[in-house]
Amino acid sequence: MPEVWLNQEWRPPASVPASIVFVHGAVVNGWEMGLLRHRLGQLGYRVRQFEYQSMLKGLDYNVLRLRDFIREAEGEVLHVVGHSMGGVLTRRVFEQAPDPRPGRLVAIGSPLRDCWVGRRIDRFHHHWGRYLVGRTVHDHISRPHDPAWHGSRDFGVIAGTYPFGIGAIFQSHPRPSDGVVLLHETCLEGVRDQVTFRLNHFGMLFSKRCCAQIARFLALGAFAHAAPAPFESKTDKFSSGVTTCSPG
């Protein structure tokens with residue numbers, strides 16, 4: 001049975017098979033997206049996990065592999081949910097060679113415009129830093145970053161603002177941040193919607209609130225935005241739905 005907090009109106013129509021391809025971030029292999037896959041699968045989606053080697057393979061290679069993986073995925077409707085660098089790969093696929101089927105895209109904590117942490121690690125001790133971030137991240141931070149989304153699909157962006165993660169090892173790590181990716185690095189002009197949570201980079205994958213937002217966006221093309229209560233700070237520990245950049 002689906003979780004009670006997942007609105008049954010967000011289920012895909014039974015008559016139209018719908019799939020979600022999940023794309024993990026750098027270094028990891030997709031296990032961390034398991035709970036999210038399970039929860040969204042309970043709504044009736046077919047779920048598939050794309051795995052790639054971020055340390056040994058370059059950005060272009062992994063973009064082509066993701067493109068082919070998506071093309072082979074079953075379903076009349078095809079959504080993609082990417083976490084961290086997974087959102088970067090997803091963006092490139094759907095700007096360069098989009099799948100013709102209908103569907104929506106969601107990026108969670110993705111460094112779409114740059115990656116401050118990646119740059120700092122990449123510069124560490126010359127070639128050793130490049131080894132630590134891996135080829136995919138190195139390629140991403142070595143190229144110009146277009147601040148606008150040029151794809152035709154509805155693209156939703158979820159970002160975190162709780163700064164607990166590898167970025168904490170750098171005293172100069174800017175904020176707001178999810179501990180790995182800066183908030184402004186997730187912002188693209190022209191996306192359909194964006195929402196933030198007071199959660200860290202990996203915490204968003206385990207959050208019921210984030211899962212519900214993803215399910216809602218895939219079904220309706222919009223997140224739910226809660227207005228701050230009177231006298232509540234926009235960076236309050238429990239606040240959500242407040243963005244500090246215009247998604248366009």
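**Exercise 1. Find out how exposed Arg192 is, and which partner its side chain meets.**

Solution. Start with accessibility: Arg192 has a relative accessible area of 45% and counts as partly exposed. The classes are buried for under 20%, exposed for over 50%, and partly exposed in between, with a 1.4 Å probe and protein chains only.

Before going on, note that this is a predicted model, where local features need pLDDT of at least 70, side-chain atom pairs count only at pLDDT 80 or more, and totals for chains, interfaces and linings use all residues. Residues are numbered from 1 along each chain as its sequence is written, and side-chain values use heavy atoms, leaving out hydrogens and water.

Next, look for the partner: the side chain of Arg192 forms a salt bridge with that of Asp154, at 3.0 Å from N to O. A salt bridge here is a side-chain nitrogen of Lys or Arg within 4 Å of a carboxyl oxygen of Asp or Glu. Arg192 sits in the loop between E5 and strand E6 (193-197), and Asp154 in the loop between H5 and E5, so this pair links distant parts of the chain, 38 residues apart. Helices (H or I, at least four residues) and strands (E, at least two) are DSSP runs, numbered from the N terminus.

Finally, widen the view: Arg104 joins Asp154 and Arg192 in a network of salt bridges.

**Exercise 2. Work out which parts of the protein the salt bridge between Arg143 and Asp60 ties together.**

Solution. First, check the distance, which is 2.9 Å from N to O. Then place the residues: Arg143 lies in the loop between H5 and E5 and Asp60 in helix H2, so the pair ties together parts that are 83 residues apart in sequence. Last, read their accessibility: Arg143 is partly exposed at 26%, and Asp60 is partly exposed at 41%.

**Exercise 3. Describe the pair Arg91 and Glu95.**

Solution. Their closest N and O atoms are 3.3 Å apart, in a salt bridge. Both belong to helix H3; they are 4 residues apart and therefore separated by about one helical turn. Arg91 is buried at 7%, whereas Glu95 is partly exposed at 28%.

**Exercise 4. Name the residues with the most contacts inside the largest nonpolar core.**

Solution. A nonpolar core is a set of buried Ala, Val, Leu, Ile, Met, Phe, Trp, Tyr and Cys residues joined through side-chain atoms within 4.5 Å. The largest one has 35 residues, and those with the most contacts inside it are Val21, Val23, Leu66, Ile70, Val80 and Phe155. Another core, of 28 residues, lies apart from it and includes Phe22 and Phe197.
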